[in-house]
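This report covers a set of protein chains, their interfaces and their salt bridges. The sequence and structure come first.

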Amino acid sequence: MRKDKLSNIFFYIGVAIFMVIIVFPFYWQIITSFKPPEQLWNIPPEWWPSRFYLGSYISAFTKRPFLTYLKNSAIVAISTTALAVFVTSFAGYALARLHFKGKNVILALALSVSMFPGIAIVSPLFLMMKQWNLLNSYLGLILTYTTITIPLSMWNLTTFFRTIPADMEEAAKIDGASPFYTFVKIILPLAAPGIFTTAILVFIAAWNEFLFALTFNTKDALRTVPVGIAMFPGEYTLPWGDISAASVVVVLPLIVMVLLFQRRIISGLTAGAVKG
Amino acid sequence: MQKRRSIKSTGIPENVLGYLMVTPALLCILLIAIFPIIRTFSLSLTDMKMQFPDAAKYIGLNNYMKLFKDERFWNATYNTLFFTIVSVAMELVIGFAMALVMNMPFKGRGLVRAAVLVPWAIPTTISATMWKFMYHDQFGVLNDILLRLGLIDQYKSWLGSTLSALWCAIIADVWKTAPFMGLLLLAGLQTIPAELYESATVDGAGKIRRFFNITVPLIMPTMLVALIFRTLDAFRVFDLIFVMTGGGPGNSTETLSMYAYTMLFRNLDFGLGSAIAVLIFIFVFLISLIYIYLLNIQND
Amino acid sequence: MRTKRLLVFLLTVAVLVFMLSACGSSEKSGDNSTESQPEEKASESKSEEEVTITYARGKDTTPATQKMLEAFENKYPNIKVNYQEMPPQSDQQHNAFVTALSAGDDSVDVYRLDIIWPSEFASAGWILPLDDYFSEEEREEFLQGPIQGCTYNGSIYAVPLYTDAGVLYYRKDLIPNPPETWDELYSIGKKLMDEGKVEYGFVFQANQYEGLVCNVLEYIHSNGGKVIDGSNVVLNSENAIEALNIFKKMLDIAPEGVTTYIENDGGVMFQEGKVAFMRNWPSWWSNLNSDESAVKGKVGVAPIPKGPNGDATGKATLGGWNLAINKNSKNKDAAWTFIEFMTGEEAQKIQAIEGGFLPVRQNLYKDADVIKANPHFESMYDALVNALPRPVSPFYPKISESIQINTHKFLMGEIDAKTAVENMAKEIQEILEQ
């Protein structure tokens, strides 16, 4: 009993140290965002703002249309996630469970797409987007991001679908259910954690992308957050406070989102476990 | 067996249904990705320089020959391999630890799960600037911490030394992407049925035996997939290096993608730049073949 | 039943996607679309017709650009300017411009180009030669360095918008007379460091990037060295080797991390009062004299020092930005009207007074209003006239890269000055011959 308690304490200490390392850079950014300009470049750097200065936040929102950037990023990232996960959950299921020829070819093909360095395909993609009239639009970015994230999403979901025990499907089949019905009613709920994880991965990949966003959407009204933040520095200067404030604002909604979804997923998991 | 291949209730043969379900994803890929890839391949066989686009001609494999004799190319290859192997290995270990912790029931687990996502949710362009700033020889907090701990006796220029710059990039990369690994592995852990552990415990297996006999084999497919994608990403690392060092000091952090970028966008040498891109593709293709081979063994 | 559900699902997704794309295109038409308008206007070039041109430049942190655009639209009410701001880093602008122009994009009419880009863009056929618009007499009103940078194969391809040249900032409260030679700079800096008046003697830009080229060329040019003469590479000389060694000596009185520094790093250190000298661009003046600066009112500006074998004065490296017209533009005449205005006296004055940018017209350095707003301009004039452009070549980026890598390896102690100079000379020769 006492041994358990002791190892518990060690466990928490370990987790705490780990958390500190993980969170520290972000803490540093938050602190920087509240530092008044005169404190920003002190040597050695100070660990706490001398006074809480909100100027960086004010200028983050007033100097640039930051809310527009956030809105654009949200639209692009959410649509990409929906589209990619939707498309690949079908593909993943088929590849994991159905019998047909050429599965390995399909998986390899998908993977090979993600092997190409992004910088090499920017200019030909620009050419295509121009021809399709998709420059300066959401759809251009959504299609691009979806394609880039399909391989990851497809591989991931295929693996998850494979791990789901086959007996439940067999039972459904014997009951006369179609594979599609089985997929929607039985497999999808069981695969919830996998789908959720994939969705987060895709979402953040789309949320973070810089190069395509920079070249495809040149109008301020259609820019996404990473490009928007690149608009803060001057040619030779770096307003570090403003940039920190802007990045804190970018990360907060993601943290809130994860915290909110957290419960859903855990409840989804327990529901799955009860059924299983 | 016959029964599995055709489904009576809908009348669609199983293989047709399979192709149907795969089509949307493939369509996306074909629509968007195939043209750029073919173009890059064909450009790599020319001496296309954007400054004189009309003078471009077919030169066969000359660009590749040039690269194989190019010291800078091999230096970039070495840097890329070093970066990839070290950072992916560290990410795997740390990510696995994260996943195991997050899979345990304890108070504050939700908080840990959310916190772990923070590094990953910060766009690379920002997190790289952030790290660059923390590594700064004067304003950087890293020097401050190490000095307070007595580990160094004067400020050091971490990004300015050929010995430490690549390591700095690796640490920033591990910090940012270990959560990716952690999350994927966590999802994998969650699909392992609890009964397996229970029955093993009943059979008298200890914690360590349960880990190696149940956890590791069952998580292997997920782990391989996570490894594939992390390796592919690490091998093509660009943003991070671009922001933190720009390839310096003295080209000691120049990776293949950085080299390709310089050739394509700075020098407008589309022939040679495309050839580097194709070589990256081939390297990565070989790496993933190994993984796929391992994965197939796993599945059989 | 199940197929129906599938259909509903698919339909929902399809509708969603279409809504989003509609959303995207409505956004397009919302802000004075440039995609559609030029085509409508191209056929009729009557000057009374309202035209919209798009002007792309890196973000301006000062109010100058906005004020200039207002003045333009007041004067030419029939030309609307759609101002497309780009991220300030010139590399990112280069990316976006190159990608768009190589695809034959015509959505931007007027580009603002870095002084090192016109020859590259010109040889690629992306920008319009301006000989018919921009007469030789008119060019004489301008500073000659920038004009040289905008000229390629005997034709002029861009009009200078504002100029820039390396200058030496010094602490006039500590240093009564600025140094004229690099040796003097070194010994004054070292002395002030030893006395504990400053932490470091000198800061400059020695990261492996374009700024390093600007810095090292100042040492080479100020010591009688040269990179290219006509079509010959003449870099390999004793003077250049000596210049490189002087440059490396400066590392002794600089912070250890100076080999990772760009403009901002040294700038804020100087602003914090920790450094005696700084090599930087004229635009740092306003930061150094802002309320947040610890050295407000204590800063002097001097020309770049010279080396032992140099001319009478040091040679700064020329920077600056220029305006060019997209070859595919559908509104070339309106674009020219715009450029003519932006580089004309009225706009140049606004630019100098509101933004502190160095004018490109010679007579403005004697203009009372300009000098009143920027007293330091007067002392910079000589430095600007003497400033030398970087090598003008469509393959400049490769030349720059060779200089960056070899200089940085030299500063890191991996190769010696002789090897660095030989490597550069050999590589640049190969680049020019290709």
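## Interface of chain C and chain A

Between chain C and chain A there is one salt bridge. It is formed by the side chains of A:Arg64 and C:Glu85, at 3.0 Å from N to O. The coordinates belong to a predicted model. Nine residue pairs, both at pLDDT 80 or more, are in polar contact between chain C and chain A. On the side of chain C that touches chain A, at least two residues each come from α1 (2-30), β2 (79-86), α4 (90-102), β6 (159-165), α11 (263-271) and α12 (284-288) of chain C. The largest share of that side, 13 residues, is supplied by α1(C).

The contact involves 45 residues of chain C and 46 residues of chain A. The size of an interface is often given as the accessible area lost when the parts come together. For chain C and chain A the buried area is about 4000 Å², with 64% given by carbon and sulfur atoms.

## Interface of chain B and chain A

Chain B puts 99 residues into its contact with chain A, and chain A puts in 95 residues. About 8700 Å² is buried between chain B and chain A, and carbon and sulfur atoms give 80% of this area. Helix α2 (residues 14-43) of chain B provides the largest share of the side of chain B that touches chain A, namely 21 residues.

How many salt bridges are counted between chain B and chain A? The count is zero. Polar contacts are found across the interface of chain B and chain A, in eight residue pairs with both residues at pLDDT 80 or more.

## Chain A

Chain A has 13 helices and zero strands. Its C-alpha atoms fill a box of roughly 75 × 70 × 25 Å along the principal axes. Of the 276 residues in chain A, 62% are buried. Among contacts in chain A between residues at least 6 apart in sequence, 72% join residues at least 24 apart.

A nonpolar patch on the surface is formed by A:Leu6, A:Ile9, A:Phe10, A:Ile13, A:Ile17 and A:Ile21, with about 630 Å² of accessible area together. One of these residues, A:Phe10, lies in helix α1 (residues 2-34) of chain A. A:Phe10 counts as exposed because its relative accessible area is 58%, which is over the 50% cut-off.

## Chain B

Chain B also consists of helices without strands: there are 13 helices and zero strands. The C-alpha trace of chain B spans about 70 × 65 × 30 Å along its principal axes. Chain B has 300 residues, and buried residues make up 60% of them. In chain B, 66% of the contacts between residues at least 6 apart in sequence join residues at least 24 apart. The accessible surface of chain B is about 12400 Å², and 69% of it belongs to carbon and sulfur atoms.

## Salt bridges within the chains

Over all chains, the structure holds 33 salt bridges. In chain A, A:Asp242 is paired with A:Lys63, their closest N and O atoms being 3.0 Å apart. A:Asp242 lies in helix α13 (residues 240-275) and A:Lys63 in helix α3 (residues 55-63) of chain A, so the pair ties together parts that are 179 residues apart in sequence. A:Asp242 is buried at 9% relative accessibility, whereas A:Lys63 is exposed at 56%.

In chain B, the side chains of B:Arg148 and B:Asp144 meet at 3.1 Å, N to O, in a salt bridge. These two residues are separated by about one helical turn because they are four residues apart in helix α7 (residues 141-148) of chain B. B:Arg148 is exposed, at 59% relative accessibility, and B:Asp144 is buried, with a relative accessible area of 4%. In chain C, a salt bridge of 3.3 Å, N to O, joins the side chains of C:Lys349 and C:Asp367. C:Lys349 is in helix α14 (residues 345-355) of chain C and C:Asp367 is in the loop between α14 and α15 (368-373), 18 residues apart. C:Lys349 is partly exposed, with a relative accessible area of 22%, while C:Asp367 is buried at 16%. A network of salt bridges that share partners joins B:Glu91, B:Asp173, B:Arg230, B:Asp233 and B:Arg236.

Key
Residues are numbered from 1 along each chain as its sequence is written. Chains are lettered from A and ligands numbered from 1 in the order in which they are written. Side-chain values use heavy atoms; hydrogens and water are left out. Patches are made of residues with over 30% relative accessible area and no salt bridge: like charges are joined within 9 Å, nonpolar side chains (Val, Leu, Ile, Met, Phe, Trp, Tyr) within 5 Å. Accessible areas come from the Shrake-Rupley method with a 1.4 Å probe; for residues, only the protein chains shown count as cover. A salt bridge is a side-chain nitrogen of Lys or Arg within 4 Å of a carboxyl oxygen of Asp or Glu. Buried means under 20% relative accessible area, exposed over 50%, partly exposed in between (1.4 Å probe, protein chains only). Contact means heavy atoms within 4.5 Å. Buried area is the accessible area (1.4 Å probe) that two parts lose on being put together, summed over both. A polar contact is a pair of N or O atoms within 3.5 Å; within protein, one must be able to donate a hydrogen and the other to accept it, and residues adjacent in sequence count only if both atoms are side-chain atoms.
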